Amino acid sequence: MAKVSVIHVREATDEELMDISRRYMLSLSLDEMKAIKAYFISIGRDPTDVELNTIAQTWSEHCYHKTFKGIIETNDGIIDNLLESYIFRVTKELSKPWCLVVFEDNAGIVRLEGDWSIAVKVETHNHPTALDPYGGAGTGTGGVFRDVIGVGAKPILSIDVLFFGPLDYPYELLPQGVMHPRRVMRGAVAGIRDYGNKMGVPTACGAIGFDEGYLCNPLVYAGCVGIMPFSRYTRKPKPGDLIVLVGGRTGRDGLRGVTFASTELTPESEKVSVISVQIGNPIEEKKLLDAIMRARDEYSEPLYSAITDCGGGGLSSAVGEMAKKIGAEVELSLVPLKYEGLEPWEIWLSESQERMVLAVPEGNIDKLMKIFREEDCEATVIGRFTSTGKLRVYYEGEVVCDLDLEFLFKGIPRVRRRAYWNPLREWDPDFPMPTDLMDILRRILSDPNVASKEWVIRQYDHEVQARVVIKPMVGIHGDGPSDACVLKPLKDSWIGVVVSCGVNPKYSRYPYKMALSVVDEAIRNNVAVGGRRIALLDNFSWGNPEREETLGALVEAVKGCYDAAKAFDTPFISGKDSLYNEYRLPDGSYRSIPGTLLITAIGIIPDIRKAITMDFKEPGNPVYVVGYTRCELGGSYYYSIMGIDSGVIPSVDLNNAKLIMDRIVEAIDVGCIRSCHDCSEGGLAVALAESSFSGGLGVEVWLSEVPRLGLVRDDKILFSESNTRFIVEVRKGMEDYFERIFYNLPYRRIGYTTREGRLVIHGVNGRVYEEDIWSLKDAWKSTFNW
Amino acid sequence: MQDTHRVWRVYVSYKQDTLDPVSMRIQWEIRDMDVKGVEKVKVIQGFRLDGDLSEDDVKLICEELLHDPIIQEYVYFLEGESNIRLDGWIIEVKYKPGVFDSLASSVLEASRIIGIDRLSHAETFTLYVLNGCLNYDKVELVARRCLANPIIHDYKILPPV
């Protein structure tokens, strides 16, 4: 007899419904429970635990994004579906022919050259990492690789952006059940390292930041770029196709990870979550990848008609999604298990890693099985797609789940939430200018957010596959901070893929401008090495959207994404959100993360031999600043060192920004640029210092020449974090070319590179600031001297 | 003649005069996590091999799979019959039941590949042998703060004999 229980929802009162939601850890609201009750009344029976869990997974915030797709009341009116209204809309409006698959599969796909195309996905894996940094971050990486494999592409780059609490946080003050940021960071880095390195995927792009807001909720964004011939893309399971589960075996790991991800963490999470923790096995995934690539390529057509990752929600979500428009039948007792004793709902929902689901036409099954046998990778037929419109699951022949797919995917009541946002009034404070600006520069350089992450980067293999052309560390000693990563994915073509990111939680108090800023940052990092034709990915990590201000901030950020993407002519192709990143302390108070928007930019460069790095190349070259420096020091490192929490958060001049980016690319193409570095954290001063010590050359500049608006003080010119600015070293003798390209745009020659290793800055009033570049480099490198 | 059910334990560690980066790393991390008094750490990778294995089987598994003959050495013994002395405080860390142990699953699979199909179950654990000015509380602090994660690990502390 099947080990299934029936749950009596039809006669349940509201209170009892909520009790069921809690008892079975469904994380469903009363409205949702009522919708379930109504459905089962209409079909005249009560649900099984398998059915209830299936619905809860499908309707979870993690899978369904009910906040983003819900109805939001704001002071300026109603927003019906935040995703459709802004993110999807900009992609639709820009309507780029090179965007092949957007927002409808596991990963976004853009054309590269000929039939070759690039698949990209960035995921969050925050909650699991808070509990077990090593396993959580590792499986985050493994999971996003499978997203890319899940469209039929081969992973060629791993991207990782991490946020932790302050590294010097006192142990005594750590809330109960929270691990120290140092330990979380080391564990997370090791997890990412071990997954990428062992699977043979280079990890060559990312960022790491620190803020007290991440103490209880560290963030892990794991991304992956893959390559595939687009003619091999297929996503149309047909009734009659077999459902084949491939890869690792199924155990209890990661059960209910999805509903878990849609709740806040509490000290109790530590106790209940042993089942939510997943442990990765990269070797298993490598075998899976090899087998799938053969199944994709060995015959005139792929042996599968559809493929998907078995991730959050396990089989229930993978099979459910594929069967959405047709129907499916699955026999759970066929699923290979790691150990005996799993109940049917556990098999159906398990989030054991390294598994994928294929839809395979019956005629291909023998060929497919042969390949998987040869690659020593398990493959099992567990069911069949049907045309019944139903998701029917059996255990040892007995029906344990029989749901209408229409109800499962469309039956969820729309979430209705209120958002409130009080626009921030900003002003720039007046205070006496400190005398030792070079000391401030040193302190900014050694701030963990800015300092060299070489300790982390060196643990990641960024050479494997031999495709990475511009590596994360550049310059004469191979340790300067690269703006972006450039890949050469094809053997017989010079075309390159340029990957960069932008993220800045220090601006989160003004979410609209934060969104503009991080889109600008991602794009200018991309442009700085020669990237163009850029597509974007958005990843929101936010607090509890049931609070009006938190949701209000999210709405503001989404609006910023739309405006920026429209102005830059850069469509979104994929995205993911992670909400409820909060920690409830025993006394009932909350700790929420700062709203954190990560933008990943994917560009191309027609000829990788023209790609530019950020280190100064020769002495005596003219150095230009492109873009206006404004009085925008809100959220800057300078003000944070000075203990100032006011100031104006940087915005973006949406009318000119795209033009400036385009001209940089043009100047790189004609060959008049020797080095190019974007100005971001720490402003002009940090960018100049980084380009100098990376190239082993000095630089002498005059601040009076910097194109600026409303700025007269040396400190503010040096440390303002205005967007859309670049430091450009122009090839001597090509100044005219360069200046002609930038005609009518803000640019000025501010100085030149020198042979002596000194940073020399002439202030507007004749003061001279001077510092040895190697001492600056020491400051930058000593923080993570682990 | 059929052997009764026996469980073998294997300890793998770096050879005495070889650079031991794993132990050095852990020692550094303990210091970095603000625990004072730990002067020396030795990390031992442990395996528990369950099944109807002869001594030759265990030796073959150790030789072929569990250690790197250039830099590492191993000892094996029947559980409960050890006369191996480890000097210092010992913290034994292993996965909680139900947490997937990928290293152990590799040992199982690889044993089959080298022709030993009587290994029915494998587990891994790590022993940290600590020396210095220590007491139980301090060692437990090391375990909790640096070495074991209560969500996935069980740990056990053994004072010096």
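## Exercise 1: A residue and its surroundings

Val110(A) is buried, because 25 other C-beta atoms lie within 10 Å. The scale behind that word runs as follows: a residue is buried with 20 or more other C-beta atoms within 10 Å of its own, exposed with 12 or fewer, and partly exposed in between, with C-beta atoms placed from the backbone.

This is a predicted model, in which local features need pLDDT of at least 70 and side-chain atom pairs count only at pLDDT 80 or more, while totals for chains, interfaces and linings use all residues. Residues are numbered from 1 along each chain as its sequence is written, and chains are lettered from A and ligands numbered from 1 in the order in which they are written.

**Task.** In which strand does Val110(A) lie, and which residues does Val110(A) touch?

**Solution.** 
- Step 1: Find the element. Val110(A) belongs to strand 4 (residues 108–113) of chain A. Helices (H or I, at least four residues) and strands (E, at least two) are DSSP runs, numbered from the N terminus.
- Step 2: List the contacts. Leaving aside residues up to four places away in sequence, Val110(A) touches Trp98(A), Cys99(A), Leu100(A), Ser117(A), Ile118(A), Ala535(A), Ile573(A) and Ile602(A). Two residues are in contact if their C-beta atoms, placed from the backbone, lie within 7 Å.

## Exercise 2: A sheet in chain A

**Task.** What is the order of the seven strands in the open sheet of chain A, and which are the edge strands?

**Solution.** 
- Step 1: Read the order. It is 10-12-9-13-11-14-15, with mixed pairing; two strands pair if DSSP finds at least two bridges between them.
- Step 2: Find the edges. Strand 10 (306–309) and strand 15 (398–404) of chain A each pair on one side only.

## Exercise 3: One side of a helix

**Task.** Which residues of helix 26 (residues 773–782) of chain A are buried, and what covers them?

**Solution.** 
- Step 1: Name them. They are Ile773(A), Leu776(A), Lys777(A), Ala779(A) and Trp780(A).
- Step 2: Look at the cover. It includes helix 17 (437–445), helix 23 (683–695) and strand 30 (698–702) of chain A.

## Exercise 4: Two chains

**Task.** How many helices and strands does each chain have, and how many residues does each bring to the contact?

**Solution.** 
- Step 1: Count the elements. Chain A has 26 helices and 35 strands, and chain B has four helices and six strands.
- Step 2: Follow chain B. Along the sequence, its pattern is β-α-β-α-β-β-α-β-α-β.
- Step 3: Consider burial. Of the 786 residues in chain A, 60% are buried; of the 161 residues of chain B, 31% count as buried.
- Step 4: Turn to the contact. Chain B gives 13 residues and chain A gives 16 residues.
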